[in-house]
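The sequence and the structure are shown first.

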Protein chains: 2
Amino acid sequence: MRTYGQYCAVAKSLDVLGDRWTLLIIRELLLTHAARYTDLRNGLPGIATNLLAERLRELERAGLVAREEAAPPIATTLFSLTDRGRELEPVLHALGRWGLPYMAGGPAPGDAFRGHWLSWPAQEFLHDQAPDGPPVAIAVDVDGEEFVIECSAGAITVRDGRAERPDARLAGSPHAVLAVLTGGAQLDDASSALGLRFEGDREALLRLVPSPRLASVRP
Amino acid sequence: MRTYGQYCAVAKSLDVLGDRWTLLIIRELLLTHAARYTDLRNGLPGIATNLLAERLRELERAGLVAREEAAPPIATTLFSLTDRGRELEPVLHALGRWGLPYMAGGPAPGDAFRGHWLSWPAQEFLHDQAPDGPPVAIAVDVDGEEFVIECSAGAITVRDGRAERPDARLAGSPHAVLAVLTGGAQLDDASSALGLRFEGDREALLRLVPSPRLASVRP
DNA sequence: CCGCATCCGGGGCGATACTG
DNA sequence: CAGTATCGCCCCGGATGCGG
């Protein structure tokens with residue numbers, strides 16, 4: 001990117017991050033911790049393959065991304081954030097929170113969606129309201145992509161994949177699941193109005209779901 | 001800007017903010033509260049005038065910027081942020097904090113500088129360590145641009161212009177002043193190594209300057 | 001298959017000139 | 001003062017090819 005040529009911290013940040021797709025690549029690496037080139041392509045629908053390669057090179061040169069060549073039997077390349085790259089988490093969180101209102105109406109026609117994009121709002125908005133209770137696991141199925149929200153002793157973790165024996169199952173559109181996760185819709189309202197499907201232990205979910213707040217995604 | 005077409009809050013934010021110069025225009029409006037077109041041009045050295053006009057139109061359409069035509073005797077246009085635009089303050093703060101390390105070496109050759117760009121670090125890093133003390137005012141002169149840091153009853157305010165009877169005067173390069181404001185350099189070190197000039201009540205400044213911390217700009 | 005490199009068309013961007 | 005007009009150029013998007 002052409003530099004702004006300004007002795008200002010915001011401009012200096014944008015000199016590094018301002019190129020198209022750069023911050024979304026950071027998003028993917030923050031959400032996945034370590035990803036192959038193909039994983040990144042899949043998490044960034046719409047990116048041109050040459051741009052992804054070029055951005056990764058630039059981010060490596062800037063010291064935000066590390067490239068790890070796996071041992072011969074595996075023969076693949078893993079991309080991950082350096083410490084300096086992980087320091088961008090507050091920036092991505094601020095951007096995500098500011099953009100939440102644009103999610104309210106549901107996806108625009110043609111919008112792509114990936115299940116793991118919801119792991120940020122799950123981490124950010126859910127809180128364990130009964131830290132002394134037993135651990136719970138909630139399986140989430142969004143447009144066929146599945147992940148698991150686990151809660152134990154006050155800590156929330158989100159991981160990809162299927163749960164073995166979840167306490168509850170949540171399934172529906174991205175919009176419906178997001179509305180429930182951010183506290184913008186009550187479970188029953190989302191079921192009737194947004195087609196959300198819920199089964200299992202109702203208490204397990206209600207333990208985590210926040211009360212409605214300003215930053216939420218309302219139906 | 002061409003939309004990313006992703007149902008993700010970060011991507012939706014970047015659909016609005018991702019164009020070149022857009023976030024720097026927001027920076028100017030956050031720092032100046034209300035600015036004329038010419039003020040914005042002056043605070044954004046390097047921008048092409050057609051781009052500034054186009055960005056302002058887009059930001060107005062997006063509901064982030066309001067254009068106010070002053071009454072006939074004044075005959076000028078004022079641009080300011082809407083409430084929604086001001087909600088970007090956390091985003092700009094996060095970007096500024098992340099970019100601080102890039103300021104450590106001083107300006108790159110050819111870098112432009114404007115005095116009011118320092119008002120953010122002044123607000124962010126200075127704290128009144130003696131809220132019960134008398135009000136103080138410190139005049140700052142950076143490359144000929146002047147502003148005033150005022151402190152009263154624990155609150156820090158920064159404004160452009162000259163102080164009538166400041167308790168202290170601080171003058172020097174952007175790099176030197178920034179290093180002192182962020183706590184990266186002690187006053188004496190900055191004087192000897194960075195050519196900082198200081199006169200007046202030393203206690204007035206030491207009351208505000210933070211102790212060295214990680215996010216500071218070191219010489 | 002994975003991780004790119006190359007090629008090409010179109011549009012965003014940069015610089016300057018000009019205007020009510 | 002607050003823009004519009006114009007014109008290269010380079011970044012970006014989309015497709016294809018290619019070595020390990």
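The model is a predicted one.

**Relation of the chains**

In general, two copies of a chain are related by a rotation about an axis and a shift along it.

**Helix packing between the chains**

The angle between the axes and the distance between the axes describe two packed helices. Helix H1 (residues 9-17) of chain A and helix H2 (residues 22-32) of chain B have axes that come within 10 Å and cross at roughly 170°. Because angles over 145 degrees count as roughly antiparallel, H1(A) is roughly antiparallel to H2(B). In this contact, Val10(A), Ala11(A) and Leu14(A) of H1(A) meet Leu23(B), Leu24(B) and Arg27(B) of H2(B). By class, the contact of H1(A) with H2(B) holds five nonpolar residues, no polar residues and one charged residue.

Helix H2 (residues 22-32) of chain A and helix H1 (residues 9-17) of chain B also pack at an angle of about 170°, with their axes 10 Å apart. H2(A) and H1(B) are therefore roughly antiparallel to each other. Leu23(A), Leu24(A) and Arg27(A) in H2(A) meet Val10(B), Ala11(B) and Leu14(B) in H1(B). The contact of H2(A) with H1(B) divides into five nonpolar, no polar and one charged residues.

**Surface near DNA strand C**

Around DNA strand C there are 21 residues, of which Arg2(A), Arg57(A), Arg20(B), Leu51(B) and Arg55(B) come nearest. Of the atoms of DNA strand C that come within 4 Å of the protein, sugar and phosphate account for 69%. Both chains contribute elements: helix H3 (37-43), helix H4 (49-61) and strand S3 (77-81) of chain A, together with helix H4 (49-61) of chain B, each supply at least two residues of this surface. Its residues comprise six nonpolar, eight polar and seven charged.

**Surface near DNA strand D**

DNA strand D is surrounded by 21 residues, and the closest are Arg20(A), Leu51(A), Arg55(A), Arg2(B) and Thr76(B). Sugar or phosphate supplies 71% of the atoms of DNA strand D within 4 Å of the protein, and the rest belong to bases. H4 of chain A, together with helix H3 (37-43), H4 and strand S3 (77-81) of chain B, each supply at least two residues of the surface near DNA strand D. That surface is made up of six nonpolar, eight polar and seven charged residues.

**Contacts with phosphate oxygens**

| Residue | Part of residue | DNA strand | Distance |
|---|---|---|---|
| Tyr37(A) | backbone | DNA strand C | 3.1 Å |
| Asp19(B) | side chain | DNA strand C | 3.2 Å |
| Arg20(B) | side chain | DNA strand C | 2.3 Å |
| Trp21(A) | side chain | DNA strand D | 3.0 Å |
| Arg2(B) | side chain | DNA strand D | 2.7 Å |
| Arg67(B) | side chain | DNA strand D | 3.1 Å |

Note on methods:
Residues numbered from 1 in each chain as written. Chains lettered and ligands numbered in written order. Predicted model: local features only at pLDDT ≥ 70, side-chain atom pairs only at ≥ 80, totals over all residues. Heavy atoms only, no water. Axes fitted to C-alpha atoms, helices over the stretch in contact; angles between N-to-C directions. Helix = DSSP H or I, 4+ residues; strand = E, 2+ residues; numbered from the N terminus. Parallel < 35°, antiparallel > 145°, perpendicular 65-115°, else oblique. Contact = heavy atoms within 4.5 Å. Nonpolar A, V, L, I, M, F, W, Y, C, P; charged D, E, K, R; others polar. Near = heavy atom within 4 Å. Polar contact = N/O pair within 3.5 Å; in protein donor to acceptor, adjacent residues only side chain to side chain.
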